[in-house]
Number of protein chains: 2
Amino acid sequence: MLNFDYYNPTHIVFGKGRIAQLDTLLSKDARVLVLYGGSSAQKTGTLDEVRKALGDRTYFEFGGIEPNPSYETLMKAVEQVKQEKVDFLLAVGGGSVIDGTKFVAAAVPYEGEPWEILETDGKKIKEALPVGTVLTLPATGSEMNRNSVVTRKSIKSKRGFHNDHVFPVFSILDPTKVYTLPPRQLANGVVDSFIHITEQYLTYPVDGMVQDEFAEGLLRTLIKIGPELLKDQKNYDLAANFMWTATLALNGLIGAGVPQDWATHMIGHELTAAFGIDHGRTLAIILPSLLQNQREAKKGKLLQYAKNVWHIDQGSDDERIDAAIEKTRHFFELLGIPTHLKDYDVGEESIDMLVKELEAHGMSQLGEHKAITPEVSRAILLASL
Amino acid sequence: MLNFDYYNPTHIVFGKGRIAQLDTLLSKDARVLVLYGGSSAQKTGTLDEVRKALGDRTYFEFGGIEPNPSYETLMKAVEQVKQEKVDFLLAVGGGSVIDGTKFVAAAVPYEGEPWEILETDGKKIKEALPVGTVLTLPATGSEMNRNSVVTRKSIKSKRGFHNDHVFPVFSILDPTKVYTLPPRQLANGVVDSFIHITEQYLTYPVDGMVQDEFAEGLLRTLIKIGPELLKDQKNYDLAANFMWTATLALNGLIGAGVPQDWATHMIGHELTAAFGIDHGRTLAIILPSLLQNQREAKKGKLLQYAKNVWHIDQGSDDERIDAAIEKTRHFFELLGIPTHLKDYDVGEESIDMLVKELEAHGMSQLGEHKAITPEVSRAILLASL
């Protein structure tokens, strides 16, 4: 096991009917800005539930945070916070709204041009407004971590930042919010969570038995409940297990003390930037071919994955690895997510451009061994066609 | 899955050589009291490592916190803290030292007689001094939870309390500290951790798939590494996995959203109070007969335990449950821990007294169904002879 630090102070408030608890989670004299995305927060009734729980408190609303939240939009929220002297930010939505809210929280008291926050990976953040969240779409884990990704449209740049100051103070996870999700978003969320786990698990063995047990348990849970949930979206227990799994997939726990990869995410980001493909889908395209490409470097963990996650114990090493990768791809397809670039009308002619973008963004040494050079990324992309 | 709250702000600093990090974890002008137990902290060099890391800071020391830390001893530390205007408490030891330090932290600013803290389960605590820990003996999980148990010798009362204010700010977990533990304490620690998990897992199914996966993973880890570690105590990876498992066994995570039992602990406490039997050993005595006694109420989870933890899939339901309980008992015995009262010279003549003590301490409705009455406890104790 590698040395590690683990710290996560977010208070999780989990279960049906918990949104009403906002009344005890927030001080009576808080001045709250409620941030949300599109019209679904209104249509599904979640926003009304939040308004009711806020009661007599002074609160303002900021809607319209888009998927892949933009710097340009978020800076308008920063203005509103300053103007209305807001002292608490409440994100109501999925990863994009929560990520965006974290950026607003850090940008308000930031000395200097807030884009620096992204350029410096959050290292210069000294304080942030407190953030609470009401999660509606389980996928990114943003509700219980210190990460955020923001896109600056004007310069076509998608960057992330990390800082302890943007851990949500609390996050309300009500599984019934899964009931009304568009199936496409639900499927994307299952795949996103799945690949958050593999990024922290499918590397090389360091005898992190606890971390491996937890990662394998979360993967088996997603494999079991993902397809069932898509058929039976209002099943509370399936929804609850999905919601808690998605949170635990990226709250720092399973990645503490083990190597991490994240190459699938980095290559996938370029597909979203260039072609607007949903984040979860980009991961489903890249992961199978990345695993094939890295099968020697990842051999130990791939064999363990085959055995403990997919229950494959027949055949040679190579056969078991092939079977595990095929089962992974089949799982994504079963969720209705195509796993080849051609399914998204992306052809071989785009590969050069994608590799150049990776290089331009400093993504020339990806993976747990920093061995995925632009040429390796090219091979992975070609194999994803 | 049941509704739940999960909150745990302790910063874990894990790995070899991490004690030196005290220098960055503590402010330069902290006035520190280092609390420890017997002579082993000195003999093993841990105390010297701590002193070195504290450098030029003003610090004081308070040794002699006993196993099952006593109110009488701890109140002396409270005096020293007040006299020396200490503003940070650093516990160096295992669960007893950490539990005791949490009590001191809450008692110093407490208005009123500090024993009230125990009498009111910590509910009246409004503040506490910050606590950090350097863990030497993995077992109780106290390094990452809000629990403490203190004994008042003068009235022979052992009571617990819980409060968010006593979560350690940080805990340093250096697995090499396991190298020099007496094997008896190591074995006790494995059993203690194991039964912390079963108390939160062997109840009734509520479709907490994630919690079950995590609990089963931790149990399998202990089953695998416990006996190996006793034979090879200086194996870093075994020690590291044991240390992290013991912490995760009782940091609130696996118990969030599922029923909990704790009857084995409550009955076990009476054995420690009456006969001075090590806490871990009392649990190993009670658990097998409690599971036999409660086999109908726990049937669903016992069958799951048999399959997923012990890989038993042959035989009738009854046979599989019997086999799982027998394997559990055998595991404890394999660690060198006898599992019958007679092995500790406790005979049938003591059972009445033990049952009376349980009643006197309000332990008349134990277990996840509150169905373990004094008469059921009597049957369990008789079956433990």
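This note sets out numbered points on the predicted model of chain A.

1. Basis. In this predicted model, local features need pLDDT of at least 70 and side-chain atom pairs count only at pLDDT 80 or more, while totals for chains, interfaces and linings use all residues. Residues are numbered from 1 along each chain as its sequence is written, and side-chain values use heavy atoms, with hydrogens and water left out.

2. Overall fold. Chain A contains 15 helices and nine strands (DSSP runs: H or I of at least four residues for helices, E of at least two for strands). Its radius of gyration, 20 Å, is close to the 21 Å given by the globule rule for 385 residues, so chain A is as compact as a globular protein of that length (C-alpha atoms; 2.2 Å times the number of residues to the power 0.38).

3. Burial and contacts. Of the 385 residues in chain A, 60% are buried (under 20% relative accessible area, 1.4 Å probe, protein chains only). Among contacts with a separation of 6 or more, 78% join residues 24 or more positions apart (heavy atoms within 4.5 Å).

4. Second annotated span. For residues 187-356 of chain A, UniProt lists "domain: Fe-containing alcohol dehydrogenase-like C-terminal", also from an unreviewed entry. Here the chain is 67% helix and 0% strand, and the end C-alpha atoms lie 30 Å apart.

Note on methods:
Chains lettered and ligands numbered in written order. Buried < 20%, exposed > 50% of the residue type's maximum accessible area, 1.4 Å probe, protein only. UniProt positions renumbered as here; feature names shortened; annotations may be inferred.
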